[in-house]
Amino acid sequence: MTDPQAAFVVVDFWRATTADTHLLDAELTQLARHFRTMPGVLSCDFTRVDGDAGRYMAIFRYADAAAREALRPKINEAAIDAVGMPADEIVLAPPHSVLK
């Protein structure tokens, strides 16, 4: 069993660049289900940010740093499956390491 106190938590904010946010909602729901099945991923959730159309909050919890790093290529594969192209950049930074 994984110690929840030792888990890595990554919170990120994403902005949709498409007007079809209802389609993006469905894709993100599928991606979250997919990510939750991966070893070392404790949880994955996406939600819209209230009052800011097209902005989403992504929350990932990983069992450890190795699980977090193993997810990097999976994110790119999921992006290609969902939108037909890889992500421009994938940064899996520890909490509080990226200034907003």
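Mentor: The model is predicted, so local features need pLDDT of at least 70, side-chain atom pairs count only at pLDDT 80 or more, and totals for chains, interfaces and linings use all residues. Residues are numbered from 1 along each chain as its sequence is written, and side-chain values use heavy atoms, leaving out hydrogens and water.

Trainee: Which residue forms a salt bridge with Arg-48?

Mentor: Side chains of opposite charge can pair when their charged atoms come close. Here Arg-48 pairs with Asp-25, the closest N and O atoms being 2.6 Å apart. Arg-48 lies in strand 2 and Asp-25 in helix 1, 23 residues apart; helices (H or I, at least four residues) and strands (E, at least two) are DSSP runs, numbered from the N terminus.

Trainee: In what order do the 3 strands form the sheet?

Mentor: Two strands pair if DSSP finds at least two bridges between them. In this open sheet the order is 1-3-2, with antiparallel pairing. Strand 1 (8-15) and strand 2 stand at the edges, each with a single partner strand, so one side of each has no neighbour in the sheet.

Trainee: Which residues does Leu-71 touch, leaving out those up to four places away in sequence?

Mentor: Contact means heavy atoms within 4.5 Å. On that basis, Leu-71 touches Phe-35, Met-38, Val-41, Phe-60 and Tyr-62, with residues up to four places away in sequence not counted.

Terms used:
A salt bridge is a side-chain nitrogen of Lys or Arg within 4 Å of a carboxyl oxygen of Asp or Glu.
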